[in-house]
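Hello,

Here is the structure I promised to pass on. My notes follow below it.

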Amino acid sequence: MRSTLALLAALAVLLTAAATPARTPDPHSDPTRTPAAPAYTVELSSDGTGTRWHGHESVRFTNASAEPLREVYLRLWDNAHGGCAAQPVTVTGLTGGTPDALSVGCTALRVALPAPLGRGASGVIAFGLGVEVPDGTDRFGHDGPYSFLGNALPVLAIRDAAGVHLDPYTDNGESFYTQAADFTVTLDHPSRLLVPATGRSVDIPGSAGRTVTRAVAKRVRDFAWAAGPFTRVSATSPAGVRIDVYSTASVGSADARSMLALATSAVDAHARRFGTYPYGRLAAVLDDGFWFSGMEYPGFVLDRVSTTALVHELAHQWWYGIVGDDQYHAPWLDESFSDYATDLALGKLGEGCWRDVSWESAAERLTNSMRYWDAHPTRYGTVVYDFGKCALHDLRRLIGGTTMAELLRTYARTHWYGVSTTAEFKAAAQAATGTDLTEFWKLHRIDG
């Protein structure tokens with residue numbers, strides 16, 4: 001979720017996007033998503049402030065496609081923050097393949113494999129990794145002594161029926177589209193810094209004045225962490241999920257405890273609707289200096305002190321995290337669904353909200369990609385969040401609350417650790433009801 005607009009950033013993204021040709025699916029290509037089953041192993045050590053990290057990363061992967069895999073692409077997403085002139089993420093000494101020049105604003109690195117991998121064959125690439133966190137209270141940035149490292153680790157791009165996904169970075173929303181993967185991450189840092197991270201973490205003593213945080217995360221789509229002199233409060237939800245709330249100095253203790261109580265309630269509410277939360281732990285990092293309302297990562301969210309934002313980011317643990325989607329080409333599949341889940345968790349039923357829908361143009365569709373929303377940034381939140389959740393409320397009213405609840409729970413279960421598409425959701429919704437939904441999709445501008 002990136003609901004606050006950054007117009008200058010949006011303009012830069014628009015210019016990049018405009019220069020990127022649209023992808024046309026090859027009807028003869030294998031539709032399987034590959035590389036599959038990535039396993040990332042990372043060892044990083046920080047400087048005294050937690051803003052500079054250096055070390056090593058490797059990734060093992062398997063070709064799931066009938067087509068030989070001759071190359072893979074790493075996405076160095078956070079190079080969008082510094083550009084090619086000042087790259088915050090650097091890859092050196094790569095082994096297991098031959099790297100090409102960086103592309104897509106230095107956020108994509110093609111690696112030619114030494115020999116084609118057939119279906120079921122595996123490969124490994126490894127490289128030195130450097131990360132320098134820029135100044136700025138952002139999903140990748142630092143607010144004084146507090147560093148936030150979202151999307152800092154290079155991850156593999158997906159190849160599917162549309163080809164290799166090399167979409168540009170967007171600051172309005174998300175560009176990310178990844179397979180569920182395993183991460184084993186070791187972070188060596190000054191002991192005075194707390195390091196919340198995706199997955200289950202264990203702290204062990206390091207060298208003098210330092211601590212080693214070892215985090216293991218299974219079947220997650222990304223890995224994020226933070227570092228700083230946070231204040232931490234913790235609790236366990238009634239269903240057994242450990243919640244840790246980390247706060248910067250901008251957040252008072254009463255607000256932190258209020259957000260902790262909210263999180264323990266909301267995570268169980270989402271689990272009752274969509275399936276048991278599988279990761280055991282969740283970290284919420286609060287800073288009231290964020291220019292955006294909140295940002296989601298598996299088992300890890302960044303938020304301001306905001307009831308709706310926190311409940312929304314926790315809903316993303318299911319809609320994007322467990323049930324994946326192509327966040328650049330189909331942002332409604334996680335944002336609309338998470339906003340709908342937020343309403344339900346807060347006891348809101350969206351009565352009559354579709355009556356307030358007014359489309360700006362014939363080209364405006366609920367299912368438009370971030371390419372469209374970066375060109376129309378003031379409409380992104382209105383359509384994808386507001387109209388999107390209202391469409392789902394309308395669908396619930398049309399097919400009935402019990403049917404809608406079972407539809408979403410079953411849909412989540414059948415796409416658990418997989419990827420959702422608009423076509424698949426429409427087919428599942430139609431199969432769940434005897435009501436013809438053709439006119440519903442047209443009225444709500446849900447294409448696909």
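Y320 is buried, because its relative accessibility is 5% (buried means under 20% relative accessible area, exposed over 50%, partly exposed in between, with a 1.4 Å probe and protein chains only). Its phi is near 130°, a positive value in a residue other than glycine. Y320 sits in the loop between α3 and α4 (helices are DSSP runs of H or I with at least four residues, strands are E runs with at least two, both numbered from the N terminus).

Before you read on: this is a predicted model, where local features need pLDDT of at least 70, side-chain atom pairs count only at pLDDT 80 or more, and totals for chains, interfaces and linings use all residues. Residues are numbered from 1 along each chain as its sequence is written, and side-chain values use heavy atoms, with hydrogens and water left out.

D326 lies in the loop between α3 (307-315) and α4 (332-345). D326 counts as buried because its relative accessibility is 10%. Its side chain makes a polar contact with the side chain of H165 at 3.4 Å. It also reaches the backbone nitrogen of Y328 at 3.2 Å. A polar contact here is a pair of N or O atoms within 3.5 Å; within protein, one must be able to donate a hydrogen and the other to accept it, and residues adjacent in sequence count only if both atoms are side-chain atoms.

Helix α3 itself is mostly covered, with seven of its nine residues buried. Among them are H312 and E313. The buried residues of α3 pack against several elements, including α2 (253-274), α4 and α6 (contact means heavy atoms within 4.5 Å). S306 caps the N-terminal end of α3, with a side-chain oxygen 3.2 Å from the backbone nitrogen of A309.

Next, the core. The largest nonpolar core has 122 residues, and L395 is one of those with the most contacts inside it. Such a core is a set of buried Ala, Val, Leu, Ile, Met, Phe, Trp, Tyr and Cys residues joined through side-chain atoms within 4.5 Å. α6 gives the most to this core, with ten residues. Leaving aside neighbours within four places in sequence, L395 touches M404, L407 and F425, among others.

Two backbone points remain. The peptide bond from T34 to P35 is cis, with omega near -5°. P35 is in the loop between α1 (7-18) and β1 (36-46). R445 has a positive phi of about 55° although it is not a glycine. R445 lies in the segment after α9 (438-443).

Best wishes
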